[in-house]
Amino acid sequence: MTRLPPRPEIDWSDVNAPRATAFSDIYFSREGGLAESDLVFLGGCDLPDAWRGKDRCAICELGFGVGLNVLAAWRAWRRTRSPHAQLHISSIEAFPIEREDAQRALAQFPEVADLAAKLIECWPVRAYAPQRVWFPDDGLSLTLHIGEAEAVLSGLEGQFDAWFLDGFAPARNPDMWSEALIGQLARLAAPGASFATYSAAGKVSRAMTAVGFAVE
């Protein structure tokens, strides 16, 4: 392992859809990345309804990217959480982007500009050690794990209530969707845990079903 995680090469030829060159895939939809996060990931995990009235909720995300899913969850949590409730988000990223690129990408979403500014202010450094930041006013913590997803998951303990599977497409990034990795999701899933992903690939559906998730 090198001392620093690899820095992604980003193609900004379409400013509305920055593309990770190594995977030939976009970070978010050019048609509305924030709306996609709300629909696919929050809606797919029945959030915010699933956390209403609870003192704690834990989400794990595969594919931190520019942080857009985190901002979508943060916005919904801020609007609906119970007093004193805590939201814990863990996110895994193998190719962390630089603060300046994140700022450029998130500038396209004025609906979450205030939250984006807070996230950018404490943007994680490019290092392998887990990095946690707290936003106490909103009862939210974010832990970013930098490294290969399967390796990171194998070292985690605890239980997660919801999974956001937002790695690049399985055909372009197969390691993010391996059977071994999906087995780790099952190991770390809380009773009744849900998952959501934009991918409709049969490989993903079969692997999730095999470890006990119901796929719709």
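A salt bridge is taken as a side-chain nitrogen of Lys or Arg within 4 Å of a carboxyl oxygen of Asp or Glu. Lys and Arg count as positive and Asp and Glu as negative, while His and the chain ends are not counted. The model is predicted: local features need pLDDT of at least 70, side-chain atom pairs count only at pLDDT 80 or more, and totals for chains, interfaces and linings use all residues. Residues are numbered from 1 along each chain as its sequence is written, and side-chain values use heavy atoms, with hydrogens and water left out.

Glu61 is found in strand β4. Helices (H or I, at least four residues) and strands (E, at least two) are DSSP runs, numbered from the N terminus. Glu61 is buried but has no salt bridge. Arg75, the nearest side chain of opposite charge, is 14 Å away. Buried denotes under 20% relative accessible area, exposed over 50%, and partly exposed the range in between (1.4 Å probe, protein chains only). The side chain of Glu61 does make a polar contact of 2.9 Å with that of Asn69. Such a contact is a pair of N or O atoms within 3.5 Å; within protein, one must be able to donate a hydrogen and the other to accept it, and residues adjacent in sequence count only if both atoms are side-chain atoms.

Eight aromatic pairs are found in a search of the whole structure. Rings of Phe, Tyr and Trp (its six-membered ring) pair if their centres lie within 6.5 Å; planes under 30 degrees apart count as stacked, over 60 as edge-to-face and the rest as tilted. Phe41 and Phe164 have ring centres 5.5 Å apart and planes at 45 degrees, so this pair is tilted. Phe41 lies in helix α1 (residues 33-44) and Phe164 in strand β8 (residues 160-165), so the pair ties together parts 123 residues apart in sequence. Phe41 is buried, at a relative accessible area of 3%. Phe164 is buried, also at 3%.

The rings of Phe64 and Trp123 have centres 5.3 Å apart and planes at 40 degrees, so this pair is tilted. Phe64 lies in the loop between β4 (56-62) and α2 (68-80), and Trp123 in the loop between α4 (113-121) and β6 (131-135), 59 residues apart. Both Phe64 and Trp123 are buried.

Three strands form an open antiparallel sheet in the order β1-β2-β3. Strands pair if DSSP finds at least two bridges between them. The edge strands, β1 (10-11) and β3 (25-26), each pair on one side only. Two bridges join β2 (residues 19-20) to β3. Ala20 stands opposite Asp25 in β3.
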